[in-house]
Amino acid sequence: MTVNNLGISKAKIKTPKNKWQEYLADKVLFVGEIGGHYSFLGFEGQEEEYKELCRIAWYSLPKEERPYEHLENFIDEVLLGNDGFGFDAEEIEIIERIGDAK
């Protein structure tokens, strides 16, 4: 699959469906769109909030469903961009288009 265009937008959660989305409910998010799905790119300059989001997501999962052996490994992979959070189009409201990366 070739990605020709990654639209970057600011967005807000419409209705949180789980604990990690509840944490994001009052925040402005940066998301990238690929094929009608959105990848969470982060908060503007707020690494500690990103780590807290990882903690909330981690502890809301049963142990057997956690993607890594340790929370710190999960946080490291998310901060490196190797793992992360995503949304379907109906889960978020785009509040501003920032631009397109080609």
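Buried here means under 20% relative accessible area, exposed over 50%, and partly exposed in between (1.4 Å probe, protein chains only). This is a predicted model, so local features need pLDDT of at least 70 and side-chain atom pairs count only at pLDDT 80 or more, while totals for chains, interfaces and linings use all residues. Residues are numbered from 1 along each chain as its sequence is written, and side-chain values use heavy atoms, with hydrogens and water left out.

**View 1. Glu 91 and Lys 17 meet in a salt bridge.** Their side chains sit at 3.6 Å, N to O (a salt bridge puts a side-chain nitrogen of Lys or Arg within 4 Å of a carboxyl oxygen of Asp or Glu). The pair links distant parts of the chain, 74 residues apart. Glu 91 is buried at 11% relative accessible area, whereas Lys 17 is exposed at 59%.

**View 2. Lys 27 pairs with Glu 49 in another salt bridge.** Here the closest N and O atoms are 3.2 Å apart. Lys 27 lies in the loop between helix 1 and strand 2 and Glu 49 in helix 2, so the pair ties together parts 22 residues apart in sequence (helices, H or I of at least four residues, and strands, E of at least two, are DSSP runs numbered from the N terminus). Lys 27 is buried at 16%; Glu 49 is partly exposed at 24%.

**View 3. Phe 40 in its surroundings.** Leaving aside residues up to four places away in sequence, Phe 40 touches Leu 24, Leu 29, Phe 30, Val 31, Tyr 50, Leu 53, Phe 85 and Phe 87 (contact means heavy atoms within 4.5 Å).
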